[in-house]
Amino acid sequence: MSTQASPASGAAESAPAPGVPAAVSDRWEKWGDRLNPLVVKEVRQGLRTRVFWVSFGLLLAACLALSLIAFANTHDSNYTREGRTYFFSFFVCLALVHFGLIPFNAYRSLAREREDETWSLLLLTGLGPRRILRGKVTSFLVQAVLYASAVGPFLLFSYFLNGIDLPTILMVLVLGGAWMVFLTLVSVCAATLADSRMGRAAVRLALVGVLVVTFFQALTFTFVVTNERGSGFSFDRSFFLGLGAAFWALVSNGWLVFETAVARLSLVTEDYTRHPRRALVAQVVLTFVGMTAMWWLMDRDDDIPGVMGILGGLHLIFATLFMATDVDGQSRPLRAGTRAWTLFRPGALRGFRLSVLLLVGWAVGCGGLLWLSDGSASSLRMGMAQAALALYGVLYLSVALLLGRMPRSGRFASPVSVRLLYILVGVLGAGVPPLLAVFLNLEGRDELLNLLNPVLGTLNFGKFDYSDPSGLKLPPELLLCVALVAFLAAFAADRVLAERERRAHQQ
Amino acid sequence: MSLLEVKGLRRDYGALRAVDDVSFSLEAGGILGFIGPNGAGKSTTLRILATLDVPTAGTVLLDGTSLVDAPDRARPLLGYMPDRYGTYDDVTVREFLDFFARAYGLKGALRKQRVESVMEFTGLGPLAHKLTTELSKGMRQRVALGRTLLHDPRLLLLDEPADGLDPRARIELRELLRALADQGKAVIISSHILTELAEICDSCVIIEQGRLLAQGKVEDLLRQSAGPSRVMELTVRLATQGDEAEALWSRTERTLLEQPRVKDVAREASALRVRLELEADAGPAQAEAAAAALLAALVSQGLPVCAFSPRERNLEDAFMTVTKGRVA
């Protein structure tokens with residue numbers, strides 16, 4: 001017995017199939033070698049499943065039945081405007097598969113790979129988590145294209161029934177496609193979240209819930225776009241800017257989610273945080289550039305940095321929840337090349353520093369645009385609210401890290417524990433001051449008592465006060481107080497994390 | 001220089017120390033048995049050796065390459081088969097192997113050649129077009145072993161490979177592993193089926209609660225575990241039938257216990273197990289003389305002895321002596 005085969009057997013195997021010219025066969029062979037192996041395997045597997053053929057058959061049958069109904073309803077009339085109704089009906093059929101089946105199957109495929117431990121076998125081949133995940137996502141997109149090929153002709157057919165124009169069809173399909181890719185990426189990322197059986201069950205349930213809710217949201221959006229076009233809204237500059245912003249949100253968050261999934265599946269010896277952190281920084285910088293361009297195009301409208309400042313701040317608070325709660329320290333091979341300013345390397349310390357930098361940087365950037373808008377009291381209030389949100393983000397993140405990582409026991413030091421602590425202190429910070437105000441016979445929204453309340457504090461800083469000539473409910477000096485508290489908490493958290501990293505590296 | 005050098009390996013999970021200062025080495029062409037009770041740290045050690053986990057401390061060198069510092073360079077040199085076979089549904093044997101060959105970066109004719117030779121080696125040729133889900137456990141295990149061999153690794157790490165296999169499949173696996181060792185591959189097998197390991201392995205490592213308790217060649221381990229007090233075990237069978245059988249067994253038991261060197265007699269299914277204590281410096285000749293005296297005593301009593309043989313110590317005995325049955 002030998003695992004070494006004779007060259008003759010290899011030559012015999014590589015001979016082209018009868019009837020296929022050798023050059024064509026070779027080209028196919030080379031092309032196949034360049035393909036991601038996961039794509040070949042997953043598509044092959046997917047096409048063998050009963051689910052695929054049953055879904056494909058049902059999709060085709062439903063579209064055929066709908067087109068027969070459309071034909072029966074319209075063939076006697078000279079002119080009808082039924083196109084939008086039938087387009088929407090065909091789209092619902094496709095959406096069931098694209099927004100439900102494909103993302104869920106992508107989740108299940110990766111979750112099973114992790115459960116059965118085939119994941120580690122794939123890692124050992126040298127493919128790497130990035131290529132593996134890319135292959136997984138691509139294979140499900142190939143399946144999505146196959147489903148779309150069944151519905152595509154019917155969607156075009158609806159155009160000939162009048163009542164809907166080609167740009168609307170195209171826009172819905174492009175946005176639908178982007179949404180499907182985003183959902184697939186989110187599902188794949190969800191499959192990396194839990195390791196225990198209970199955790200997996202919870203994630204699965206949550207994902208199904210999210211898919212159901214977003215399915216109806218997507219259908220509502222499509223219905224509005226197809227039916228209200230011309231009356232409710234038109235394709236003007238605002239619409240396209242909004243569309244562009246939505247598309248950017250899908251693309252950039254999809255990228256971020258993908259990088260997060262890759263990081264979660266990487267081994268600790270790898271520089272697993274570099275790509276997701278870089279993606280987040282790129283997202284923040286590019287969003288700021290895009291926002292500035294929009295602000296400029298919309299005649300320096302202060303609503304744009306005002307709204308985006310708060311939305312971006314909330315997004316960053318959510319992102320830092322994961323970034324700053326990484327484990328302490330990093331593996332031996334990575335330590336040598338890590339400098340104080342290399343914030344993309346693994347470790348809670350660098351994640352925390354980058355989080356603070358992004359939160360503060362975003363608030364300063366948006367505040368700058370607000371200042372350049374018109375310098376009115378309204379801009380100042382919006383700027384203060386944004387700054388307060390960022391400072392609360394830093395403060396509560398620091399408190400959660402101090403509570404979780406300061407004790408020597410390490411009972412609450414795990415990333416999950418610190419995340420839960422973050423949520424808990426946030427909820428307590430938002431809920432306790434109003435309750436305390438009730439006990440002290442004060443107004444629930446009392447400004448001073450709620451100075452460190454992340455919700456009411458932000459609202460109070462942004463509120464207009466008719467009784468004050470400046471229009472500010474809270475003076476900027478109080479914002480400085482919040483900044484001082486946040487700074488002290490951040491400094492303490494930074495020192496604690498630095499000490500823990502030092503101890504982790506000494507082991 | 002050894003192919004694999006493990007020095008001071010330690011792995012902590014919080015307060016729990018799963019592996020504690022484990023050191024051993026393995027030459028090319030050697031088969032090492034990794035023995036320990038459940039939770040002893042066998043799988044953790046194998047996962048570290050497979051670069052799927054990182055040790056808290058210690059070094060692991062595979063052909064001079066550090067598995068901890070340069071896992072990417074070491075991976076092509078090792079093949080890992082976990083206790084789960086890790087096959088996919090709706091995929092044939094050939095497709096499964098072809099997929100992993102692609103994943104290992106094998107291209108064109110070379111890939112086909114490797115898949116064919118691995119199928120030939122593992123005897124999977126006739127099953128090439130069968131779905132992996134239709135295969136028996138033994139055959140699926142061969143597919144998993146085939147996958148491990150695709151990139152021609154120098155070190156094979158097999159976690160409980162014989163678990164759940166029928167006797168025929170076990171014998172076939174043993175032959176496959178022997179053939180691989182003959183090709184110069186080093187093999188590490190973790191298993192709790194000790195009789196199997198004794199026949200396959202050249203050397204063994206016994207760990208308990210993450211600590212290495214004993215290591216060395218199988219015969220050395222047996223000798224060491226026997227200890228300084230010489231105890232000889234014998235198996236006695238009687239030719240008995242009918243109503244008198246029980247009376248004969250009792251009489252034999254009594255006769256044995258009356259002999260000066262006999263310390264213990266235990267009744268097994270169809271035999272008696274006798275523990276005979278010898279002097280500390282007793283050699284093989286004295287042991288044989290003591291056994292002969294015992295047999296003579298039984299025969300002189302007219303007992304129908306049909307089998308009388310010394311019981312060899314095996315790996316199970318060594319394992320039970322070395323470990324205390326605790327788990328981490």
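Helix 3 (residues 93-103) of chain B packs against helix 5 (residues 137-149) of chain B at an angle of about 25°, and their axes are 9 Å apart, where axes are lines fitted to C-alpha atoms, for helices over the stretch in contact, and angles run from 0 to 180 degrees between N-to-C directions. The model is a predicted one, in which local features need pLDDT of at least 70, side-chain atom pairs count only at pLDDT 80 or more, and totals for chains, interfaces and linings use all residues. Residues are numbered from 1 along each chain as its sequence is written, while chains are lettered from A and ligands numbered from 1 in the order in which they are written. Helices (H or I, at least four residues) and strands (E, at least two) are DSSP runs, numbered from the N terminus.

**The helix pair in chain B**

- The angle makes helix 3 of chain B roughly parallel to helix 5 of chain B, given that angles under 35 degrees count as roughly parallel, over 145 as roughly antiparallel, 65 to 115 as roughly perpendicular and the rest as oblique.
- The crossing of helix 3 of chain B and helix 5 of chain B is right-handed; a crossing is left-handed if the near helix is turned anticlockwise from the far one by less than a right angle, and right-handed if clockwise.
- From helix 3 of chain B, the residues B:Val93, B:Phe96, B:Leu97 and B:Phe100 meet B:Val143, B:Gly146 and B:Arg147 of helix 5 of chain B, a contact being a pair of residues whose C-beta atoms, placed from the backbone, lie within 7 Å.
- The residues of this contact divide into 5 nonpolar, 1 polar and 1 charged, with Ala, Val, Leu, Ile, Met, Phe, Trp, Tyr, Cys and Pro counted as nonpolar, Asp, Glu, Lys and Arg as charged, and the others, Gly among them, as polar.

**Chain B as a whole**

- The secondary structure of chain B comes to 11 helices and 14 strands, and its C-alpha atoms fill a box of roughly 75 × 45 × 35 Å, taken along the principal axes.
- Of the 328 residues in chain B, 40% are buried, where buried stands for 20 or more other C-beta atoms within 10 Å of the residue's own, exposed for 12 or fewer, and partly exposed for values in between, with C-beta atoms placed from the backbone.
- Among the contacts in chain B with a separation of 6 or more, 68% are made by residues 24 or more positions apart.
- Chain B is assigned domain 1 (4-225) and domain 2 (228-312), with bounds that come from an automatic or database domain assignment, and the C-alpha centres of these two domains lie 43 Å apart.
- Helix 1 (residues 42-49) of chain B is largely enclosed by the rest of the structure, because 7 of its 8 residues are buried.
- The buried residues of helix 1 of chain B are B:Lys42, B:Ser43, B:Thr44, B:Thr45, B:Leu46, B:Ile48 and B:Leu49, and just after this helix B:Thr51 takes a positive phi of about 65°.

**Chain A and its domains**

- Chain A has 18 helices and 0 strands, its C-alpha atoms fill a box of roughly 85 × 80 × 40 Å along the principal axes, and 38% of its 507 residues count as buried.
- In chain A, residues 24 or more positions apart account for 75% of the contacts with a separation of 6 or more.
- The assignment for chain A gives domain 1 (36-232) and domain 2 (236-507), whose C-alpha centres lie 34 Å apart.
- The contact between these domains takes 12 residues from domain 1 of chain A and 12 residues from domain 2 of chain A.
- On the side of domain 1 of chain A, helix 7 (128-159) and helix 8 (166-190) are the elements that give two or more residues, and the largest share, 8 residues, comes from helix 8 of chain A.
- By class, that side of domain 1 of chain A has 10 nonpolar, 1 polar and 1 charged residues.

**A:Phe87**

- A:Phe87 lies in helix 5 (residues 83-115) of chain A and counts as buried, with 24 C-beta neighbours inside 10 Å.
- Leaving aside residues up to four places away in sequence, A:Phe87 touches A:Leu155, A:Ser158, A:Ile164, A:Ile169 and A:Thr226.

**Between the chains**

- The contact takes 36 residues from chain A and 41 residues from chain B.
- On the side of chain A, two or more residues each come from helix 1 (7-13), helix 2 (22-34), helix 3 (37-48), helix 6 (118-124) and helix 13 (332-335), with the largest share, 6 residues, from helix 3 of chain A.
- By class, the side of chain A that touches chain B has 11 nonpolar, 16 polar and 9 charged residues.

Note on methods. Two residues are in contact if their C-beta atoms, placed from the backbone, lie within 7 Å.
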